[in-house]
Amino acid sequence: MEQKIDSNSFSKNERLKSKIEIDELFSEGAAFFVFPFKVIYSVKKAEEYKPARIVISIPKRNFKLAVTRNLLRRRTKEAYRLNKQELNSYLQTNGITIDLMLIYTDKQNLPYSRIEKGIVKMLSKLISKLNLEQ
């Protein structure tokens, strides 16, 4: 049974929540950097289409106030939600699934426009890396 996912939603099955799977992502995943994010990803074959699963991390050591961390997390989620269609269509055509972790590395509170540029650049770099792996 194939899941139909609204292209502009960010549902629960698109979030990576399991501590075991996150630890597995750190131990087995590949990584690259696109300002302001460090991206860790792991690719798996999928029998049926599953969207990319993502976890977003804003380090407490860089942003002491939870309000600021939550703001940056919301901005990052929104930028990803609006720009993920190309990645998900690539995953669907190639029969793979991917787990992603985005770690915000900048020490400043960036505006949404800069975060969105980083997300768009990260997604295009990720797709090109996936092309090279296959």
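The following dialogue goes through some terms used for this predicted model and sets values against their definitions.

Author: In this predicted model local features need pLDDT of at least 70, side-chain atom pairs count only at pLDDT 80 or more, and totals for chains, interfaces and linings use all residues. Residues are numbered from 1 along each chain as its sequence is written, and side-chain values use heavy atoms, with hydrogens and water left out.

Reader: Why is Lys17 called exposed?

Author: A residue is buried under 20% relative accessible area, exposed over 50% and partly exposed in between, with a 1.4 Å probe and protein chains only. Lys17 has a relative accessible area of 54%, so Lys17 counts as exposed. Lys17 is found in the segment before helix H1 (19–28), where a helix is a DSSP run of H or I with at least four residues and a strand is a run of E with at least two, both numbered from the N terminus.

Reader: What makes Arg53 and Asp99 a salt bridge?

Author: The term asks for a side-chain nitrogen of Lys or Arg within 4 Å of a carboxyl oxygen of Asp or Glu. The closest N and O atoms of Arg53 and Asp99 are 3.0 Å apart, so the pair meets the rule. This pair links distant parts of the chain, with Arg53 in strand S3 and Asp99 in strand S4 (residues 96–104), 46 residues apart.

Reader: Is Asp99 buried or exposed, and how do you know?

Author: Asp99 has a relative accessible area of 4%, and therefore Asp99 is buried. Arg53, at 22% relative accessibility, counts as partly exposed.

Reader: Why are the buried residues of H3 said to line one face of the helix?

Author: In helix H3 (residues 85–94), Leu87, Asn88, Tyr90 and Leu91 are buried. Seen down the axis of H3, these buried residues fall within an arc of 160°, taken from the directions from the helix axis to the C-beta atoms, so they line one face. The face turned away from the buried side carries the exposed residues Glu86 and Thr93.
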